[in-house]
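Please keep the sequence and the structure at hand while reading the points below.

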Amino acid sequence: MGEQRSGGTSNSDKSNKSPSGVTSGRKPAVRKPGASRPAAQDTTAQTSVKTSVGRTSAGKKAAVNETPEKPAAATKAAAKKAVTKKATAAAEAAPAKKPAAKKTATAEKATAKKTAAKKTAAKKTTTAKTATAKAPAKKAPARKPESRAAMVRRARRINRELAELYPYAHPELDFTNPFELLVATVLSAQTTDLRVNQTTPRLFAVCPTPEDMAAMDPERLEELIRPTGFFRAKTKSLLGLSAALRDRFGGEVPGRLEDLVTLPGVGRKTANVVLGNAFGVPGITVDTHFGRLARRFGWTTAEDAEKVEADVAEIFPKSEWTMLSHRVVFHGRRVCHSRKPACGACPIAPLCPAYGEGETDPEKAKKLLKYELGGQPGQRLKPPADYPGQPAPPMAPPVAAS
């Protein structure tokens with residue numbers, strides 16, 4: 001026979017393989033010629049051996065084939081479970097995160113709105129401040145620095161203008177002698193001249209002289225001057241100055257500043273009123289109206305009455321002091337009010353550095369004028385003959401108790 005091809009399988013190789021395809025490693029028994037067939041036992045044993053060998057081989061193949069498959073399946077199942085758990089956890093966490101995200105977004109939007117509103121308000125405030133700073137309402141244009149000589153010239157021109165405006169200026173307290181003027185001036189503290197003028201007729205009817213007043217019962221005097229306010233303190237002052245006039249000056253009012261200021265309740269202002277209007281001695285009366293206008297006119301920056309008096313006395317000649325006081329006080333009561341000056345109706349507005357502090361509209365300013373300039377009664381019940389306004393009405397009689 002020829003030589004078999006390489007890689008082929010011989011009959012002997014085929015005979016050595018078991019039915020399951022696994023080589024047993026044993027050579028099959030060769031029956032010699034003439035030998036008898038093995039007994040049934042042997043055949044059975046051989047069959048059982050083959051079967052067991054086949055089973056063993058099959059089991060090994062199955063083990064080989066199944067062993068790697070079980071871990072792979074388990075891993076896949078575990079992976080699927082993990083993925084499922086993650087998906088479930090993500091699904092459960094998603095609803096919780098969304099509201100939280102929504103809340104955060106809402107809070108951020110609200111914060112942004114508040115910030116925007118604050119910025120807008122700040123811009124408006126800044127704009128308003130800038131507008132106010134750029135265009136102040138009703139303010140006079142800035143004046144150039146004024147020399148001392150220029151201020152004096154302007155001040156004296158104001159005095160001349162006021163003299164033309166108030167040629168009838170006078171003290172607005174009713175009196176017929178120095179004693180009545182002294183008492184009326186003491187009573188005018190913290191009240192109006194009108195209230196004093198309505199009170200003094202009854203008072204002077206009861207005690208016309210210092211001796212009569214010094215002998216008055218304090219309670220009776222308090223009752224007479226009660227309408228002027230602060231009646232207890234004023235009663236004490238009136239009784240003290242009346243007794244001093246009686247005891248030290250023979251019942252007469254002295255005509256010197258040094259003597260007047262020694263009387264109870266009499267200060268420099270009261271003394272100047274009495275000296276200037278009862279004795280003809282020039283004096284500057286610095287009350288609230290005079291001090292306010294002197295500062296607005298730029299005559300002084302002082303607040304103290306005596307310092308204001310000294311500053312103004314250096315500007316005007318002594319002969320003008322008394323009438324200057326009346327004119328300035330008249331103007332302060334009628335036009336240049338404390339809270340809202342009638343700048344639009346003021347004849348000396350071009351000369352006033354404070355122009356614009358009050359109402360500048362002419363029609364509105366006219367409504368702010370008082371007394372004779374506003375068509376109203378004055379403060380005196382018996383004004384001078386040249387007064388162009390109406391006299392003040394007397395005090396209404398007290399209503400009787402029912």
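A residue is called buried when its relative accessible area is under 20%, exposed when that value is over 50%, and partly exposed in between. The model discussed here is predicted. It holds 15 salt bridges and six aromatic pairs, and a selection of both is described below.

**Salt bridge between R268 and E309**

- R268 forms a salt bridge with E309, and the closest N and O atoms of the two side chains are 2.8 Å apart.

**Salt bridge between E314 and R148**

- The side chains of E314 and R148 meet in a salt bridge with an N to O distance of 3.9 Å, which falls within the 4 Å cut-off for such a contact.
- The two residues come from distant parts of the chain, 166 residues apart: E314 is in the loop between α13 (305-313) and α14 (321-334), while R148 is in helix α4 (residues 148-165).
- E314 counts as exposed because its relative accessibility is 58%, and R148 counts as partly exposed because its relative accessible area is 45%.

- R296 is buried, with a relative accessible area of 12%, whereas E357 is partly exposed at 46% relative accessibility.
- Elsewhere, salt bridges that share partners join E172, D193, R333, R334 and E372 into one network.

**Aromatic pairs around Y168**

- Among the six aromatic pairs is the edge-to-face pair of Y168 and F330, whose ring centres lie 6.0 Å apart with an angle of 65° between the planes.
- Y168 is in the loop between α4 and α5 (178-187) and F330 is in helix α14, so that this pair links distant parts of the chain, 162 residues apart.
- Both partners are buried, Y168 at 9% relative accessibility and F330 with a relative accessible area of 1%.
- Y168 forms another edge-to-face pair with Y387, at 5.9 Å centre to centre and with 80° between the planes.
- That pair again links distant parts of the chain, as Y387 is in the segment after α15, 219 residues from Y168.
- Y387 is buried as well, with a relative accessible area of 9%.
- Ring pairs link Y168, F330 and Y387, together with Y166, into a cluster.

**Charges over rings**

- The charged end of R334 sits over the ring of F330, 3.8 Å from the ring centre; R334 is also a member of the salt-bridge network, and F330 is a member of the aromatic cluster.
- The charged end of R226 sits over the ring of F231, at 4.3 Å from the centre of that ring.

Technical notes. Residues are numbered from 1 along each chain as its sequence is written. This is a predicted model: local features need pLDDT of at least 70, side-chain atom pairs count only at pLDDT 80 or more; totals for chains, interfaces and linings use all residues. Side-chain values use heavy atoms; hydrogens and water are left out. Helices (H or I, at least four residues) and strands (E, at least two) are DSSP runs, numbered from the N terminus. Buried means under 20% relative accessible area, exposed over 50%, partly exposed in between (1.4 Å probe, protein chains only). Rings of Phe, Tyr and Trp (its six-membered ring) pair if their centres lie within 6.5 Å; planes under 30 degrees apart count as stacked, over 60 as edge-to-face and the rest as tilted. A charge sits over a ring if NZ of Lys or CZ of Arg is within 6 Å of the ring centre and within 35 degrees of the ring normal.
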